Amino acid sequence: MSYNTVHTLMNVYNFYMPTYAPKSSTPYDSHKKSDLRKVYNSIVKMNKESPLFILDTSKESQRFAVGMKENARELRNTIASLGGLDEEELLNKKVAYSSNENIATASYIGSSNPDEDTSSYEVEVRRLASTQVNMGNFLADEENISLTPDTYSFDVSIDDLNYEFQFSIKATDTNRDVQDRLSRLINNANIGMTAQVIEDGHGNSSLRMESNATGLKDGKYYQFTISDQRTSKASGAVDYLGLDYVASPPTDASFLVNDEEISSTSNHYTIEHTYNVQLKGVSSEEGETASIGLKTDVESLAENINTLVNGYNSFLKAVAEYSEDQPKSNRLFNEMSSVARVYAKGLTQAGLNLNLDGTLEVDGDVLRQKAMSDNARESFSSMKGFTNSVLRKSNQVALNPMNYVNNVIVSYKNPGKNFATPYITSAYSGMMFNGYC
């Protein structure tokens, strides 16, 4: 029972998150036990003196709570990616460059203090890794399906696992009805492939299926296979719909790094634990390469600050979108934008101008001039203070987004004479779970 409850709640949250908030996965989303202990202790401390209130459980509040939590987490991860969460390392991340981003892009994943002679690399792409695509038969949309009404099934083998899909066909079903039904069935299963119905412009449609993964595992020829030869229900749907026709087989990427030939199942490749390379396109001619290396300290600092400003502005814009439905979102907007106002003088000196709407704008010329000056560390001291303050605020919002929902306070606790209440934040998840059931 507990597993089903958690699984259902996860589905609810996953529905809101990709719909109303950014969805990303970074190395900063994984935590050690000590990190989780800090989060727990913060929750206990935060709730010990918090007032009792009646929750606003409207769908607007649910969207707002999930959206703010995920946008705050996104902002935290952006800051963490600029060198780490340690004050001394903030904004010190080295930045990689690619001389030809049509062929490959790169990010630096090495140590925070790389050697001065960190190698650069030449990347030539001969072939990109591709997915497998199965293309079904094009059938007339409005014609009744020619299969006998019954319960049909077919098997999908993918990632060394087998899945059986069952569906019913009625006498009144058209070809398009069945194709749409199977497309939803496959997509909702979330087994590592997607399906969609495509049209040819002449009243015909086909079911197109594509693997999520690229390349081929050792000893494999396909990412997935579809068959109904040994299925438990009626067969014949695979042949009629053409589900087993492989229109485009999967392929591995083939490329050269400093003239060394390499094959990879994906278009991501790590070079010497230093660069994370994303292959983007095939070299237009033999010998055309993308040079991968490190930008100068000035260029790295400028890009880090631009990344920080973009993350900060994106968060403010996300908050502003809820101003009509959630009155308290204005309080969150003012609290976050006031951080920039506190450091406005120092930020302006470093090349960051505060706009009337609370967002920041980078003056690239001033920024580079300050970065190249002899007192660069002093010039950017306000920048690090601002970044730390934004980080603390984003952590607070991520811990308790319900603080900015339009709730009604019932009573305040007796200060200094309360027990720890670490589970009050479960109202955040319970709010969604209640309505879903």
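Is the crossing of H6 and H7 left-handed or right-handed? The crossing is left-handed, in what is a predicted model.

## Overall content

The protein has 12 helices and 20 strands. Of its 437 residues, 40% are buried.

Where contacts link residues at least 6 apart in sequence, 73% of them join residues at least 24 apart.

## Helix H6 against H7

Two packed helices are described by the angle between their axes and the distance between the axes. H6 covers residues 297-320 and H7 covers residues 329-342; their axes come within 9 Å and cross at roughly 160°. Because angles over 145 degrees count as roughly antiparallel, H6 is roughly antiparallel to H7.

On the H6 side, the contact is made by Tyr312, Phe315, Leu316, Val319 and Ala320. H7 contributes Ser329, Leu332, Phe333, Met336, Ser337 and Ala340. By class, this contact has 9 nonpolar and 2 polar residues, with no charged ones.

## Helix H7 against H11

H7 also packs with H11 (residues 381-399), at an angle of about 165° and with the axes 9 Å apart. These two helices are therefore roughly antiparallel to each other. The crossing of H7 and H11 is right-handed, whereas that of H6 and H7 is left-handed.

From H7, the residues Leu332, Glu335, Met336, Val339 and Ala340 meet Phe386, Ser389, Val390, Lys393, Ser394 and Val397 of H11. The contact of H7 with H11 divides into 7 nonpolar, 2 polar and 2 charged residues.

Conventions: Residues are numbered from 1 along each chain as its sequence is written. This is a predicted model: local features need pLDDT of at least 70, side-chain atom pairs count only at pLDDT 80 or more; totals for chains, interfaces and linings use all residues. Side-chain values use heavy atoms; hydrogens and water are left out. Axes are lines fitted to C-alpha atoms, for helices over the stretch in contact, and angles run from 0 to 180 degrees between N-to-C directions. Helices (H or I, at least four residues) and strands (E, at least two) are DSSP runs, numbered from the N terminus. Angles under 35 degrees count as roughly parallel, over 145 as roughly antiparallel, 65 to 115 as roughly perpendicular and the rest as oblique. A crossing is left-handed if the near helix is turned anticlockwise from the far one by less than a right angle, and right-handed if clockwise. Contact means heavy atoms within 4.5 Å. Ala, Val, Leu, Ile, Met, Phe, Trp, Tyr, Cys and Pro count as nonpolar, Asp, Glu, Lys and Arg as charged, and the others, Gly among them, as polar. Buried means under 20% relative accessible area, exposed over 50%, partly exposed in between (1.4 Å probe, protein chains only).
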